[in-house]
Amino acid sequence: ELPEVEIVKQSLKKKIKLKKIKKVIVKNRNLRFRLPKDFEKNLKNRFIRKILRISKYLIIELDNYKYCVIHLGMSGTIHLIDKKNNSNTNLSFYHSSILPKKHNHIEVFFSDFKIVYNDPRRFGFFQLIKDSISLKKKLDYLGPEPFDSKFDQKYVYLFFKNKEKNIKNFLLDQYFVSGIGNIYASEILFLSKINPTKKARLLNIKDCKKIVIYTKKVLFNAISKGGSSIRNFKNISGVKGNFQKDFKVYQRDGLNCKRFKCTGVIQKKNISNRSTFFCNTCQK
């Protein structure tokens, strides 16, 4: 989700910005999109100008103004291997800090360390983009980011008008707003006191305002605390994310609601094959 990808971006920015790629080894080209034969050649000896994040995409801008777009998918992780002390830091999220022996598909070498991309399911991808116009075209389908000024109560209200789909699915819809994933959607709706199954067209302007406010608040809080470490995510400094300690509903099914004076119990329900958590009393 957006906070975890943002943390990976910040970690990579500290480590590889302005560094030269010495070589690239591809062990498996069959990711979500098959890597082209010239992938290694296009990255070798290039300097890294910038590391960006747009929605859930990591974007590496090279010194020739081409781009390498990275999406981690459901199981992709990026590991930093330091040659000096042979240490490994998992820059990604929800996973063990130990570098697995299998599924290490791409290795990018710098002068004294390397970056390893591991992905058991291979839903993630690396894709080379030739210029900024092509990059914009690729990502043009995305809705506004949660922190964008365009994502306001008016935008939300008008978008939801006459829409039959439930609000939980809209929060996960990247055409509506980009970057929100399953964990934070449940947290946002709890704070907004909105039931995840409620149809979007039934939300009034006050509901839309709450969604905007709590989306920004939840994601900002998650980024400031280093993402959500469901298992063992650590950023480049070895610090584990702590936002999972603040979860109000996620993975708390069967437990009492944390809202003051609420006597409800957290429920778990599958919505479009995604686990959704909510209070059966205070979320209307």
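Ile54 has Tyr57 as its bridge partner in β3, where strands, like helices, are DSSP runs numbered from the N terminus (strands E, at least two residues; helices H or I, at least four). The model is predicted, and local features need pLDDT of at least 70, side-chain atom pairs count only at pLDDT 80 or more, and totals for chains, interfaces and linings use all residues. Residues are numbered from 1 along each chain as its sequence is written, and side-chain values use heavy atoms, with hydrogens and water left out.

β2 and β3 run antiparallel and are joined by six bridges; two strands are taken to pair if DSSP finds at least two bridges between them. The two strands form a hairpin with two residues between them. Ser55 is placed in the loop between β2 and β3 (57-62) and has a positive phi, near 55°, although Ser55 is a residue other than glycine. Most residues other than glycine have a negative phi. Ser55 is buried, at a relative accessible area of 1%, where buried means under 20%, exposed over 50%, and partly exposed in between (1.4 Å probe, protein chains only).

On its other pairing, β3 is joined to strand β4 (residues 67-71) by four bridges, again in an antiparallel arrangement. Ile59 has Val69 as its bridge partner in β4. This pair of strands also forms a hairpin, with four residues between β3 and β4, and Tyr65 in the turn has a positive phi of about 65°.

In a regular strand the side chains alternate between the two faces of the sheet. In β3, Tyr57, Ile59 and Glu61 on one side and Leu58, Ile60 and Leu62 on the other are all buried, so both faces are covered. Six of the six residues of β3 are thus buried.

A further positive phi, of about 70°, occurs at Asn45, which is not a glycine. Asn45 lies in the loop between α2 (39-43) and β2 (48-54). Asn45 is partly exposed, with a relative accessible area of 41%.

Phe190 is located in helix α6 (residues 182-192) and is buried, with a relative accessible area of 2%. Leaving aside residues up to four places away in sequence, Phe190 touches Lys248, Val249, Cys257, Arg259, Cys279, Cys282 and Gln283, a contact being heavy atoms within 4.5 Å. The C-alpha atoms of Phe190 and Ile211 are separated by 9.9 Å, the two residues being 21 residues apart along the chain.
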